[in-house]
Amino acid sequence: MQDTERTDTAGQPHEGRMTRAIEKQTAKIPSLAFLVAAGGAIALSLGLALSKRNKDWANFVAEWVPTLLLIGIYNKLVKIESEDLEAFGWQH
């Protein structure tokens, strides 16, 4: 099987245009927004669980929490990487 992943001159994986476009747009969202959304999902899930009629919905909403937190971490890493690249004068 042939390796189709492109690499740059330093041997690092080369990001595609679509990935850069998505990262550019998501970098505009404050990292705190994902934390607040995860906290909101926790509160909503708790409220649904306490209502005793919506256990399935409570579990469904609770499953959003780790996803939102991981997206927030990814968002933060993208921002840190962009700042580092700019600080060293490298292109993204």
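Author: Let's start with Val 36, which lies in helix 2 (helices are DSSP runs of H or I, at least four residues, numbered from the N terminus). This is a predicted model, where local features need pLDDT of at least 70, side-chain atom pairs count only at pLDDT 80 or more, and totals for chains, interfaces and linings use all residues. Residues are numbered from 1 along each chain as its sequence is written, and side-chain values use heavy atoms, leaving out hydrogens and water.

Reader: Is Val 36 buried or exposed?
Author: Buried means under 20% relative accessible area, exposed over 50%, and partly exposed in between, with a 1.4 Å probe and protein chains only. Val 36 has 56%, so Val 36 is exposed.

Reader: Which residues make up the largest nonpolar core?
Author: A nonpolar core is a set of buried Ala, Val, Leu, Ile, Met, Phe, Trp, Tyr and Cys residues joined through side-chain atoms within 4.5 Å. Here there are seven: Ala 38, Ala 41, Leu 48, Ala 58, Val 61, Val 65 and Leu 68.

Reader: What does Asn 75 touch, not counting residues up to four places away in sequence?
Author: Contact means heavy atoms within 4.5 Å. On that count, Asn 75 touches Thr 26, Ala 27, Ile 29, Pro 30, Ser 31 and Phe 34. Asn 75 sits in helix 4 and, at 1% relative accessibility, counts as buried. Its side chain also reaches the backbone oxygen of Ile 29 at 3.0 Å.

Key
Helix = DSSP H or I, 4+ residues; strand = E, 2+ residues; numbered from the N terminus. Polar contact = N/O pair within 3.5 Å; in protein donor to acceptor, adjacent residues only side chain to side chain.
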